[in-house]
Amino acid sequence: MNQVLAKKLLHSKWTKVEPVNKEKHFAIIEVEYDELGKVVRCLIQAVYSANEYEIDWRTLKDPTIWRLGWC
């Protein structure tokens with residue numbers, strides 16, 4: 001399991017284990033928190049295409065989908 005801290009998500013870098021449309025490397029570009037400090041929105045951007053996707057940040061914990069850093 002990848003260690004993911006909600007407070008340190010912004011600007012973190014990730015590699016998708018199985019790339020789709022040549023999109024393999026990503027960076028978290030926007031994170032929104034509620035008044036209790038919980039993540040309510042997470043926006044990730046593909047380095048190759050600059051496409052942006054809203055994701056459930058908890059999926060980053062799954063090592064079968066994501067790897068921390070750019071591998």
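Which ring does Lys13 lie over, and at what distance from the ring centre? Lys13 sits over the face of Trp70, 5.4 Å from the ring centre. Keep in mind that this is a predicted model.

**Nonpolar core**
- The largest nonpolar core has 15 residues, and the members touching the most others are Leu9, Ile28, Val39, Cys42, Trp57 and Leu60.
- Strands S2 (23-33) and S3 (39-46) each put at least two residues into this core.
- S3 gives the largest share, with four residues.
- Take Leu60: once you set aside neighbours within four places in sequence, Leu60 is in contact with Asn2, Val4, Leu9, Trp14, Ile28, Ile55 and Trp66.

**Aromatic rings**
- There are two aromatic pairs by the rule used here.
- One of them is Phe26 with Trp66, an edge-to-face pair at 5.3 Å centre to centre, with 85° between the planes.
- That pair ties together distant parts of the chain, as Phe26 is in strand S2 and Trp66 is in strand S5 (residues 66-68), 40 residues apart.
- Phe26 counts as buried because its relative accessibility is 4%, under the 20% cut-off.
- Trp66 is buried too, with a relative accessible area of 4%.

**Lysines over rings**
- Lys7 has its charged end over the ring of Tyr33, 5.6 Å from the ring's centre.
- Back to the opening pair: Trp70 is the residue whose face lies under Lys13.

Notes: Residues are numbered from 1 along each chain as its sequence is written. This is a predicted model: local features need pLDDT of at least 70, side-chain atom pairs count only at pLDDT 80 or more; totals for chains, interfaces and linings use all residues. Side-chain values use heavy atoms; hydrogens and water are left out. A nonpolar core is a set of buried Ala, Val, Leu, Ile, Met, Phe, Trp, Tyr and Cys residues joined through side-chain atoms within 4.5 Å. Buried means under 20% relative accessible area, exposed over 50%, partly exposed in between (1.4 Å probe, protein chains only). Contact means heavy atoms within 4.5 Å. Rings of Phe, Tyr and Trp (its six-membered ring) pair if their centres lie within 6.5 Å; planes under 30 degrees apart count as stacked, over 60 as edge-to-face and the rest as tilted. A charge sits over a ring if NZ of Lys or CZ of Arg is within 6 Å of the ring centre and within 35 degrees of the ring normal.
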